[in-house]
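This report is meant for a reader meeting the structure for the first time. Please keep the sequence and the model in view while reading.

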Amino acid sequence: MKNEIMNALGGILNNPGDKFEARVTKSGNKVAKFSSGDGALKASKTVYPNGTVHETRTYKQ
């Protein structure tokens with residue numbers, strides 16, 4: 001399982017300072033966040049227990 005996770009993250013965590021966070025809140029929300037080390041990209045996705053999905057992406061040009 002560890003190798004599968006690292007292989008999946010290998011495509012997005014390429015540069016120094018890149019961050020990825022995933023968690024499940026007490027209320028059952030599934031939250032994933034990514035930010036690039038240079039600050040050019042930030043993204044987050046929340047999946048709520050009722051199936052609603054909220055996704056945001058912020059880019060710097």
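## Overall composition

The model described here is predicted. The chain has 61 residues and contains one helix and four strands. Along the sequence, these elements follow the pattern α-β-β-β-β.

Of the 61 residues, 11% count as buried. The chain exposes about 5,100 Å², and 53% of this area is supplied by carbon and sulfur atoms. Among contacts between residues at least 6 apart in sequence, 0% join residues at least 24 apart.

The four strands form an open sheet in the order 1-2-3-4, with antiparallel pairing. Strand 1 and strand 4, the latter spanning residues 53–59, stand at the edges; each has a single partner strand, so one side of each is left without a neighbour in the sheet. From one strand to the next, the twist averages 5°.

Strand 1 covers residues 19–24, and strand 2 covers residues 30–35. These two strands run antiparallel and are joined by six bridges.

In strand 2, the residue opposite alanine 22 is alanine 32. When neighbours within four places in sequence are left aside, alanine 22 is in contact with Val31 and Ala32. The C-alpha atoms of alanine 22 and lysine 33 are separated by 6.4 Å, although the two residues are 11 apart along the chain.

Is alanine 22 buried or exposed? Alanine 22 counts as exposed because its relative accessible area is 54%, and the cut-off for exposed is over 50%.

## Threonine 46, in strand 3

Threonine 46 lies in strand 3, which comprises residues 41–47. Which residues does threonine 46 touch, not counting those up to four places away in sequence? They are Asn29, Lys30, Val31, Thr52, Val53 and His54.

Threonine 46 has a relative accessible area of 14%. Threonine 46 is therefore classed as buried, since the cut-off for that class is under 20%.

## The two residues side by side

Alanine 22 is exposed, whereas threonine 46 is buried.

Methods
Residues numbered from 1 in each chain as written. Predicted model: local features only at pLDDT ≥ 70, side-chain atom pairs only at ≥ 80, totals over all residues. Heavy atoms only, no water. Buried < 20%, exposed > 50% of the residue type's maximum accessible area, 1.4 Å probe, protein only. Contact = heavy atoms within 4.5 Å. Areas by Shrake-Rupley, 256 points an atom, 1.4 Å probe, with all protein chains shown as cover. Pairing = 2+ DSSP bridges. Axes fitted to C-alpha atoms, helices over the stretch in contact; angles between N-to-C directions.
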